[in-house]
Amino acid sequence: MSNNIIVEREKGMVELERRIAELREASAAQPLEMSSEVAALEKKYRQILQELFGTLSPWEKVHMARHPARPTSLDYISRFDRFDELHGDRHYRDDPSVVGGFALIHGRAVMVLGQQRGRDTKENLRRNFGMPAPEGYRKASRLARLASRLGLPIVTFVDTKGADPGISSEEHAQSEAIATCLQAFATARVPIVATIVGEGGSGGALALAIADHLIMLEHSTYSVASPEGCAAILWSDASKAEEAAARLKLTADDLHRFGIVDEILPEPLGGAHRNGSDVVKRTLQAVDVALTRLTELPAERLLEQRYQKYRRLGEWQAEGLEPIGKAH
Amino acid sequence: MPMPEWLPSRRGKDAQRVDAALWSKCPKCGEVLYRRDLAANLYVCSRCGYHFRMNAYDRINSLIDSEFTEIGNDVVSSDPLGWSDKKSYPAKLSGDRERSGLSESVVCGFGTIGGFAVGLGVMDFHFRGGTMGRVTGERITLLLEEARNRKLPCVIFAASGGARMEEGMLALMQMAKTTAAVSRFMEDGNFFVIVLTDPTTGGVAASFAFQADVIVAESKAMIGFAGRRVIEQTIRQRLPDQFQTAEFLLEKGAIDMVVDRRDLKATLVRLLEYVGRHEQ
């Protein structure tokens, strides 16, 4: 049994899909008798899909964002016109949980970066389940600074549970690596377009997500801590993760309302993995549109806009909330 | 219970039950310390050198020569997520305000240290575990912006459990905001010193704290990205006691120096002498 509730829910659908495929094949031989049966089954299939995935709770979205078949950063990067991967932090090693390098998107030269989880167990072990070590963030800082110097826009794909919390990561100053990466992004004199494609976990995600334009896939999540982590921190009980997911306001809609996310990309019914190719295509189009707009701005204006964007997030207020006011 | 067993257990209880208003017990060596002496010794155990966690205003008084002008103290929290678990977030905040005597987890302002004018920010673990919410980020940003305007060095004391859960992503965004403010402050050639105190972790460690020009840490302070419990759960083994201490970080090359609190003011003055502008 998978520990992913979306995968569990899909199991019945797989059986239905198999029967539809069988019937279709049979109806090719005897079109008159079978086609109405196929149509009926397909209608039922769509109904169930709508029922199961039409509206997703925050906790269901957390699982959707972690779905093993969901397109990963490299699924997006491999659809660029060209990609030449660059490696290493120049100090210690190459961290495979961060990929990056020169790329062409719709004919435009950019620096692309992304957190990369594995698409199977073996790759997950190699890529540390997409949780970057300090070396990964140092590679990202290096490439962001290079992009800034060469005038190449930065395009990132965010997909991580969070930064690696291991012994060696602490020994190699994970805090410093993330802090420096944040600075590299905050000061880059080129447009930055980031897309949260899966799970955006805490500071480890933010390190690649300071951007002039932040896109989020409809069922992606972006959170101050993983729901499990939040439940453990606040209530010393990781099993209250579902409750934490609801409270944390980690969905694309919530974050769009807060002004943190600039654009939400709709996903097909049932999630991005049901039509990955189309999702990737539409994402790259959205990135391109944002880049076209942002590359017209002079660097000084771009930097001032970026500063004010994050500056304002301290003062933001939703309707009906008591304002930040004077102390009594 | 037989007498020979009862007596020592009784004695142990008495020793623990000291009047907290007058006495503090050192959690490390067990020495019972008279609170006035402890305060005079900057909350350092006179027997073993253990550093108690310090209140923000005690800290400010121990460093600033005379006047301290606070900024950003009129900015206080609201409840952006409408958070409530066992208690509502506003109730948690007002409880912490009462207990700590602070309006938020950081106090910022301007004054002189050994005659050098500085911007000073002091975080306090007693308020929401020193977590960084919107107001924390806003006050630190205001401090850095104002110090930049005045071309003054900035000294910030960090003490934090990380980003504040109850403010969700708006808390995480304070990492981006303070980063942007630090970057502008530094680009203008200003000097930024951080003092890491026990404990400094998570979103504060991974943003403005480790962006400083000089990183000082108090003796034995716990400093790291991930909390000890999280790491132990991940690797399923106990960590050595020395792991994530200031001394450990010094050895690994992550910080510049480890300083005993009683030498801290003198250390800061020495650093400021290289770059600071003497007021007197």
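Start by selecting B:A221: setting aside its neighbours within four places in sequence, this residue is in contact with B:L196, B:T197, B:D198, B:P199, B:T200, B:T245 and B:A246. Here, contact means that the C-beta atoms of two residues, placed from the backbone, lie within 7 Å. What you have open is a predicted model, in which local features need pLDDT of at least 70, side-chain atom pairs count only at pLDDT 80 or more, and totals for chains, interfaces and linings use all residues. Residues are numbered from 1 along each chain as its sequence is written, while chains are lettered from A and ligands numbered from 1 in the order in which they are written.

Stay with B:A221 for a moment. You will find B:A221 in the loop between β8 and α8 of chain B. Helices (H or I, at least four residues) and strands (E, at least two) are DSSP runs, numbered from the N terminus. B:A221 counts as buried because 24 other C-beta atoms lie within 10 Å; the cut-offs are 20 or more such atoms for buried, 12 or fewer for exposed, and partly exposed in between.

Next, select β8 of chain B, residues 214–218, together with β9(B): the two strands pair in the parallel sense over three bridges. Two strands pair if DSSP finds at least two bridges between them. Within β9(B), B:V258 is the bridge partner of B:A217.

Now widen the view to the sheet. Seven strands of chain B form an open sheet in the order β3-β4-β5-β6-β7-β8-β9, with mixed pairing. At its edges are β3 (68–70) and β9 (257–259) of chain B, each pairing on one side only. On average, neighbouring strands are turned by 25° against each other, direction ignored. Then show helix α5 (residues 134–150) of chain B, which packs on the sheet and touches β4 (106–113), β5 (116–123) and β6 (154–160) of chain B. The direction of α5 makes about 25° with that of β4(B); axes are lines fitted to C-alpha atoms, for helices over the stretch in contact, and angles run from 0 to 180 degrees between N-to-C directions.

Finally, bring in the partner chain. Here 46 residues of chain B are in contact with 51 residues of chain A. On the chain B side, α5, α6 (168–187), α7 (202–205) and α8 (228–235) each supply at least two residues. Select α6(B) to see the helix that gives the most, with 13 residues.
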